[in-house]
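The stops below go from single side-chain pairs to the contact between chains.

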Protein chains: 2
Amino acid sequence: MSSWIPWAAAGVCVAALVVVAVYARLALSAERGSDRMRMISDAIRGGAMTFIKREYRYVAVFAALMVVLIAVALRSQNGWMTALCYILGTLFSLGAGFLGLYVSTRVNDRTAQAASRGPGAALKVAFHSGAVMGLAVAGLGLLGLTICYLIFEVGLGLYNAASIILGFSLGASSVALFARVGGGIFTKATDVGSQLVSSSGEELPADELKNPSMVAENVGDNVGEVAGMGADLYESFVAAIVAPIAIAASGVIFQKLGSRGLVLPLAIAAAGIVASVLGTLFVRTKEGADGRAVQRALTLPTYGAAALSTVASFFLVWGIIGWKNIGMFWPLLMGVLAGCVIAMTSEYFTSAHYKPVERVAESAGLGPAIAIIRGLSFGMLSVIAPVVVVVIAIAISFFTGNRVIHAGGGIYAIGLAALGMLSTTGMIVSVDAAGPVGDNAFAIAELSGLDTEAVEVTSNLNAVGNTTSAIAKGFAIGSAALAALALFAAYAQATGFTKADVTGDYKFLVGLFLGALVPFVFSGLALNAVVRAASALLEEVKRQFREIPGLRAGEKGVEADHARCVDVTTRVAVYEMLVPGALAIVAPLLVGVLLGSGSLAGFLAGAVATGFILATMMSNTGGSWANARKLIEGGALGGKGSRAHAGALIADTVGDPLKDTSGPSINILIKVMAIVSLIFVPLFMK
Amino acid sequence: MSSWIPWAAAGVCVAALVVVAVYARLALSAERGSDRMRMISDAIRGGAMTFIKREYRYVAVFAALMVVLIAVALRSQNGWMTALCYILGTLFSLGAGFLGLYVSTRVNDRTAQAASRGPGAALKVAFHSGAVMGLAVAGLGLLGLTICYLIFEVGLGLYNAASIILGFSLGASSVALFARVGGGIFTKATDVGSQLVSSSGEELPADELKNPSMVAENVGDNVGEVAGMGADLYESFVAAIVAPIAIAASGVIFQKLGSRGLVLPLAIAAAGIVASVLGTLFVRTKEGADGRAVQRALTLPTYGAAALSTVASFFLVWGIIGWKNIGMFWPLLMGVLAGCVIAMTSEYFTSAHYKPVERVAESAGLGPAIAIIRGLSFGMLSVIAPVVVVVIAIAISFFTGNRVIHAGGGIYAIGLAALGMLSTTGMIVSVDAAGPVGDNAFAIAELSGLDTEAVEVTSNLNAVGNTTSAIAKGFAIGSAALAALALFAAYAQATGFTKADVTGDYKFLVGLFLGALVPFVFSGLALNAVVRAASALLEEVKRQFREIPGLRAGEKGVEADHARCVDVTTRVAVYEMLVPGALAIVAPLLVGVLLGSGSLAGFLAGAVATGFILATMMSNTGGSWANARKLIEGGALGGKGSRAHAGALIADTVGDPLKDTSGPSINILIKVMAIVSLIFVPLFMK
């Protein structure tokens, strides 16, 4: 049985990619809008391509360096094969990101156009585009991994096939680093930069399109939410599959389960993809639906897919590793539940329908400082539920894992819990990637003077997108924590590290302190980068106003150089991510080589714990400020122009880089550090 | 030799207390100011007494509950004796706090009066007051501890005398919880509340003294900086002495060193007190000295005392545990150096003379949000050096400890490192407690229309106070981390916990995650509390303006009810600290009882690591905003009323509770949790 499962998984992926093609065709066949709408949409697309071209160039250089590092450092362990997997992981992730971005930036005007027919039509176009990204992420992720598995484990039957396959995961991490960190810096630099432009005292042209920062801002949404989030969850998905495989490839799990333990993760991931595809089919809403109904149209199928995938997992565990090991279903279930609780907590603390955001909005009436203090306070408290539920998932996984497969089963179970949370990645990304399309459609509808009803429809879509984005962020960080923990478990097994000596030796404790430090340093660098890139954008806008005659006056035929604006910001954003990016790779290598593998274990544990907490806090804090602002702009507490509004605006600007740059970047940080540690284990063992 | 050392230590303490009496007499014999100056000063003193009365009432109830808890939970281990030590620790800390506050609130007008004779005279009065607090903290701390030692170890010779003495440290912690957390909430609620009052649109009376929040704000400085910081460092000092004693009382250290290992910490602490007393004698400056010279007059003797104490430690280690164990001097030296590096880092990131604050001030020109993002970014990066230096101190301590006294010596060395950093606590607190006196003198000089030269002198004193406060904060958090680590080491030894099972069992990891969570939750609660208490103050001010006829118009003979303003804020502040306070006591007990002692070890390690990082970050972030504002108010970047000034004002208000409430509160949190864990070890052992 375990011999045909990888083939079946590959088949599922190919089928999913066929569905991707269908969705892409459907999305792109929708009617385009007026000339002005096309013009704006084309400018956004052009900007996105400018960004991605420059980014991919940097990725290529980075990947080349990594390939050399892997091939040389692991030369005695078939390092070139690991490097091969690394290249494949990189290419597949880039492919998924490109595909998603290609479609999403082409359907902005189409979605706005469809909005004039009603919310049902608009949702259809936006979601088809989102599903392209979502299913491509899941399909390409599992497909690439399965190909590696078939070559090195099944085909060549290498003793260290599982370690070689890890290269695929590191490739995913490298792309995620650029897409999420670089993209996160870019997207918030454009937001903050636009804010700076409008408050800089510059006189702005009446036609917003003549403002050179306008397109960059819309490009940022696509780059951050579509490509960034996609690469982030692609990485988590791959890591969650690869970690239990690495654990099952040796030790007690292999003795007990043989290759069945290796194929189980592939099977569960494939089932998750099937559930996701089915889920996407149920996303629809009636014309005339309000915001709530649109929201429901997206969330119900998401929960449905999760439920379906969970049921399927039960039978897969039963069928593949047998009824006597059915206890391994519990970790999977715990992973799903933890994901839901984390997502619900994010919603509670960041949605305008609940107390926290209301309180923050009220505080804004007392001034920006009070709103900021309040938001920070709620953000800190919002971490309680996620940590508690993750801790419960860890405890139950360890407990059942050790009971079902004796000592050593616990760490395999941690891997399964991460996989449980992530099995419906395809669906989660689909829903999330529809958000920026709605966002851009809203901008286009406003800028091109569509009728109020169409604007209203796109505005609803935009608001829904904010909530789904908060939920996806919750999943992203929760899954990052579990995936990193699973990799940590694999690392611990690979190094033979079991017990940390905390009183006889300094190494574990020292590692712990340093590991706890890294997420703070990383965040500090990311925040600094946003300020720098935003300042660069501001300067470029000022330069264009100064040097392009007639632009500020809004003369006909004079256009802002949007592409250059994007390019300048991209250059700074990607340049500024080099130090934090290098930190993610170098820090674990340094700790491992200088202080040894035991210290690195403490390092990873510390980094995952604080990283998870800090990222959740920053995401939720930023989200609550953003929605407090929205709440006030919706008319609460005096509405636009009130004292509360001024306060909330400032708080929101502070929150922007917290929730979309430094917060999500930490997801990548903890996964990258864990996978680097795992792959380079041979370097740390004396 | 080891038999007379405790007596000598007690003698040193008594001598120090005589010096305290002399300084108090000198400070109080200075000439008082004009009627108006006296009136303001008396109002501040009255407010401080209102605060302290209410606080002490809560402390009494809390302490009574703790006494019952200790006596019952530890009934089979002579719990009532531990409870007795607890009571003594509480009373001595309250005594030191009361003494310091009594004098500092009585010399405000005297310092302002002396300022008309020049900076030398003003510094003398302010510093004499500070030295009362500083030497009382150190003298009473060591004296109380030595009394407990003489009774239970020397007198009764109980087998668990060291554990019983820990009660004294827990008493110190309880007071610190109220003084630092409750006091921190109070002091920033008055600052933020005053800010709210002045921006609330209320018309304020021309005579600032008729503004009911004015006195509360000045009371806050005394309560936070004098009583709060004093209780904080009292607790650290006591914990740093008690931890190595607890470790040396059993295990390999006792076999090797016998009671010499117990008296060494007492001797080093006593030497530190002598060095501090000598240091206080050298604080003086010429009339006509500028701000820099005043600064030097305070810092040089501080470093001098630290150097002297280090040299004395060398000879004490040699004399008491012998030349062959002279290696134990290294941890002491590392502690001193780590303290200096942490203090210098704080200064670099928070002083207006260096790049970070300049950059933050520049960012303020782009708006408050940018200043806040920049400040957060620098705050996060400011943690690097402190963590690295603490990590080096841990590594060297462990390494030399294990080498000199074989395995097991490492944890004793950690205790000595903490003691090294803290030995000159007396001097550090003396310098720090002079700050708020200068601050209040400045306020009095301004409010009562002293001539510009006198105002200038007090203003310089105030500015110097900001820097010394930042340095003391660095010491407070650094020492809290090392003291908590030392207690952690003692805990590990007491539970026989040596190795953490991180792959076979979930308990250590789960504890680690929960421990890392607690500082965030605690901070979130503290920040919320500040907002609530500030709102209460705002309401009370509004009520007084509404209900006291003629107050707003500034009619003669109509006075604001300052005492009530203080009382209302105190009530909310102390009420709001109950939940975080209970968390500090209950969380470790719950983890220990429910998940066992191994989990609690992970919990403590996680809490100390994140707590140290988070507290340092919040302190430095807040400090950089405060001084960016000062820099601008000094005329940079457009000066008062500029766009940059408006931005910096908002950032400073956000930073106030970070640097003076939640940040320093974490110092207490990690020490309280560690000492609670250590004392209640019998509950967690099956």
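Select Asp42(B): at 30% relative accessibility it is partly exposed (buried means under 20% relative accessible area, exposed over 50%, partly exposed in between; 1.4 Å probe, protein chains only). Its side chain meets that of Arg45(B) in a salt bridge, 3.3 Å from N to O (a side-chain nitrogen of Lys or Arg within 4 Å of a carboxyl oxygen of Asp or Glu). Both residues lie in helix α2 of chain B, three residues apart; helices are DSSP runs of H or I, at least four residues, and strands are runs of E, at least two, numbered from the N terminus.

This is a predicted model, where local features need pLDDT of at least 70 and side-chain atom pairs count only at pLDDT 80 or more, while totals for chains, interfaces and linings use all residues. Residues are numbered from 1 along each chain as its sequence is written, chains are lettered from A and ligands numbered from 1 in the order written, and side-chain values use heavy atoms, without hydrogens and water.

Next, select Lys188(B) and Asp656(B), a salt bridge with N and O 3.5 Å apart. The pair links helix α6 to helix α22 of chain B, 468 residues apart, and both residues are buried.

Now show both chains. The contact (heavy atoms within 4.5 Å) takes 72 residues from chain B and 73 from chain A. Across this interface there are zero salt bridges. Finish at Ala500(A), which stands opposite Ala500(B) in β1(B).

Conventions: Two strands pair if DSSP finds at least two bridges between them.
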